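I opened this structure to look up a handful of residues and to write down what the coordinates give for each of them. My notes follow in the order in which I took them.

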Amino acid sequence: MKIYAISDLHISTNTNKPMDVFGGNWVGYLEKIFADWENKVTEDDLVLIGGDISWAMNIADAEKDLELLENLKGKKAVVCLLYTSPSP
């Protein structure tokens with residue numbers, strides 16, 4: 001088993017907050033990350049997922065973003081970091 005960590009994915013399936021406004025390197029960034037994930041991570045590996053996963057402001061809007069991660073290989077653990085806090 002290997003342990004990986006990633007954060008600041010800023011997924012925005014339900015919001016209009018594209019990351020490519022920060023430049024051309026961001027075009028298709030999630031597809032690149034997910035392809036690399038699928039090439040490296042196995043079902044037995046653990047992936048720690050830090051804050052800023054989604055631009056969504058509530059869990060209902062974040063569900064589709066979280067489903068993208070759910071479908072990737074490995075066991076995932078979401079870790080609240082920095083100013084990220086769980087919803088009440």
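**Entry 1, the model.** I am working with a predicted model, and I keep that in mind for each value noted here.

I then asked myself which side chain of opposite charge is nearest to Asp 65, and how far away it is. The reason is the distance cut-off, because a salt bridge needs a side-chain nitrogen of Lys or Arg within 4 Å of a carboxyl oxygen of Asp or Glu. What I did find for the side chain of Asp 65 is a polar contact with the side chain of Ser 54, at 2.4 Å. Setting aside the neighbours within four places in sequence, I listed the contacts of Asp 65 as Ile 11, Ser 12, Thr 13 and Asn 14, together with Ser 54, Trp 55 and Ala 56.

I wrote both down because most residues other than glycine have a negative phi. Asp 8 sits in the loop between S1 and H1, and His 10 is placed in the loop between S1 and H1 as well. Are these two residues buried or partly exposed? Asp 8 counts as partly exposed because its relative accessibility is 36%, whereas His 10, at 14%, counts as buried.

I also checked Pro 18, which lies in the loop that runs between strand S1 (3-6) and helix H1 (29-40). With a relative accessible area of 36%, Pro 18 is partly exposed.

Last, I asked which residues make the nonpolar surface patch of about 390 Å². I found Met 1, Ile 3, Leu 48 and Val 79. Of these I followed up Val 79, which lies in the segment after strand S3 (75-78). Val 79 counts as partly exposed because its relative accessibility is 33%, and that value passes the patch criterion of over 30% relative accessible area.

How values were computed
Residues numbered from 1 in each chain as written. Predicted model: local features only at pLDDT ≥ 70, side-chain atom pairs only at ≥ 80, totals over all residues. Heavy atoms only, no water. Patch = residues over 30% accessible without salt bridge, like charges linked within 9 Å, V, L, I, M, F, W, Y side chains within 5 Å. Areas by Shrake-Rupley, 256 points an atom, 1.4 Å probe, with all protein chains shown as cover. Helix = DSSP H or I, 4+ residues; strand = E, 2+ residues; numbered from the N terminus. Buried < 20%, exposed > 50% of the residue type's maximum accessible area, 1.4 Å probe, protein only. Lys, Arg positive; Asp, Glu negative; His and termini not counted. Polar contact = N/O pair within 3.5 Å; in protein donor to acceptor, adjacent residues only side chain to side chain. Contact = heavy atoms within 4.5 Å.
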